[in-house]
Amino acid sequence: MFNRFREHFGKTKLADINPLNMTQFYHQIAARTSYSTANRQFSVVSKFFTELKKWGLYFGENPCIAVNKKIAEPFEPHPLSKEEIAKFMPHLADYIKPA
């Protein structure tokens, strides 16, 4: 996850990162994954800024606070149909197949 942060911001100094940059980063994560994943990863980045500030290594405001995150859609499992199971079973390893 911090690799994505590094890819997005490159050699930008932390002091130069603002809420607009963080909003773009958040939506980039969401586009690659989902809003649920983006929210989780973004909370880690926000905590990173908070801890840096506590340790005296960052002196600005946490740029993540101003980002409006989307509410993640609740997970709804989609079980396989009987036809899909029939197609899937021949590809399972023998030790996984039901006896």
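Me: At what angle do helix α1 (residues 2-9) and helix α3 (residues 35-54) pack?
Reply: This is a predicted model, in which local features need pLDDT of at least 70 and side-chain atom pairs count only at pLDDT 80 or more, while totals for chains, interfaces and linings use all residues. Residues are numbered from 1 along each chain as its sequence is written, and side-chain values use heavy atoms, without hydrogens and water. The helices (DSSP runs of H or I, at least four residues) have axes (lines fitted to C-alpha atoms over the stretch in contact, with angles from 0 to 180 degrees between N-to-C directions) 11 Å apart. They are therefore roughly perpendicular (65 to 115 degrees) to each other, and the angle is about 75°.

Me: Which residues of α3 meet α1?
Reply: From α1, the partners are F2, R4 and F5 (contact means heavy atoms within 4.5 Å). On the α3 side they meet Q41, V44, V45, F48 and F49.

Me: Which backbone oxygen does the side chain of N62 reach?
Reply: The separation is 3.0 Å. The oxygen belongs to S46.

Me: Against which helices do the buried residues of α3 pack?
Reply: Those buried residues include F42, V45, F49 and L52. They pack against α1 and α2 (19-32).

Technical notes
Helix = DSSP H or I, 4+ residues; strand = E, 2+ residues; numbered from the N terminus. Parallel < 35°, antiparallel > 145°, perpendicular 65-115°, else oblique. Polar contact = N/O pair within 3.5 Å; in protein donor to acceptor, adjacent residues only side chain to side chain. Buried < 20%, exposed > 50% of the residue type's maximum accessible area, 1.4 Å probe, protein only.
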